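Student: I want to work through this model by asking what each label rests on. Please set every value against its cut-off.

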Amino acid sequence: MLDAKSYLRQVENLDVRIQNKLIERQQWESIALGITASIGGDRVQSSGSQQKMADAVEKCVDMEKEIKALVDNLIETKKDVISTIEQLENPTEYDILHKRYIQAMSLQEIADRYGREYTSITTTHGRALKNVQRILNKKVCDSV
């Protein structure tokens with residue numbers, strides 16, 4: 001079973017994986033578009049370039065499928081995480097966790113937004129994590 005912080009960070013981790021896959025796809029796309037037959041004097045030299053281009057295009061298509069699967073997973077994970085933090089009784093705890101783990105704000109940014117001291121936000125964040133852990137533990141108990 002995941003601890004509360006790891007559970008909540010799933011959203012951020014999936015988002016990072018998607019961003020990395022998008023960069024990778026863009027690199028393959030550049031390779032696919034950048035490989036052309038070279039013209040040398042009177043003769044065109046194209047040995048292997050057609051195959052390299054086809055391989056790069058195929059890799060782009062594969063990357064698109066991977067990205068789509070990750071995005072689908074991200075959507076479901078976000079729904080689950082949001083549903084879990086919405087069970088918090090304290091609206092401030094809910095808001096802090098939503099801003100931190102769904103909106104990807106830092107705790108300092110949250111403190112600034114609330115006009116509160118950083119340590120106050122970290123204390124509330126810690127309390128909220130404990131409450132999320134209770135919710136997660138209850139989910140496990142209920143599913144057994």
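Tutor: Start with contact: heavy atoms within 4.5 Å. Leaving aside neighbours within four places in sequence, threonine 84 is in contact with Tyr7, Val132, Ile135, Leu136 and Lys139. This is a predicted model: local features need pLDDT of at least 70, side-chain atom pairs count only at pLDDT 80 or more, and totals for chains, interfaces and linings use all residues. Residues are numbered from 1 along each chain as its sequence is written, and side-chain values use heavy atoms, with hydrogens and water left out.

Student: Why is threonine 84 called buried?

Tutor: Buried means under 20% relative accessible area, exposed over 50%, partly exposed in between (1.4 Å probe, protein chains only). Threonine 84 has a relative accessible area of 0%, so the residue is buried. Its place is in helix α2.

Student: What makes isoleucine 82 partly exposed?

Tutor: Isoleucine 82 has 22% relative accessibility, so the residue counts as partly exposed. Isoleucine 82 also belongs to helix α2. Beyond four places in sequence, isoleucine 82 touches His98 and Ile102. Its C-alpha atom is 9.3 Å from that of tyrosine 101, 19 residues apart along the chain.

Student: What counts as a helix or a strand here, and how many are there?

Tutor: Helices (H or I, at least four residues) and strands (E, at least two) are DSSP runs, numbered from the N terminus. The chain has 5 helices and 2 strands. Along the sequence the pattern is α-β-β-α-α-α-α.

Student: How do you know that the span of helix α1 agrees with its number of residues?

Tutor: The expected span is 1.5 Å times one less than the number of residues. Helix α1 (residues 4-34) has 31 residues, so it should span 45 Å; the end C-alpha atoms are 46 Å apart, which agrees.

Student: Where does α1 bend?

Tutor: At glutamine 10, by about 40°. The bend is the angle between axes fitted to the seven residues ending there and the seven starting there.

Student: Which residues of α1 are buried?

Tutor: Among them are Ala4, Tyr7, Leu8, Val11 and Leu14. Over the 144 residues of the chain, 29% count as buried.

Student: What makes a group of residues a nonpolar core?

Tutor: The members are buried Ala, Val, Leu, Ile, Met, Phe, Trp, Tyr and Cys residues joined through side-chain atoms within 4.5 Å. The largest core has 19 residues, and Leu8, Leu97 and Val132 touch the most other members. At least two residues come from each of α1, α2 (49-85), α3 (91-102) and α5. The largest share, 6 residues, is from α1. A second, separate core of 6 residues includes Ile96, Met105, Ile110 and Ile121.

Student: Why does alanine 128 count as buried?

Tutor: Alanine 128 has 0% relative accessibility, so the residue counts as buried. It lies in helix α5 (residues 118-143). Not counting residues up to four places away in sequence, alanine 128 touches Leu88, Glu93 and Leu97.

Student: What puts the charge of arginine 100 over a ring?

Tutor: The rule asks for NZ of Lys or CZ of Arg within 6 Å of the ring centre and within 35 degrees of the ring normal. The charged end of arginine 100 sits over the ring of tyrosine 101, 5.1 Å from its centre. Arginine 116 lies over the face of tyrosine 114, at 5.6 Å from the ring centre.
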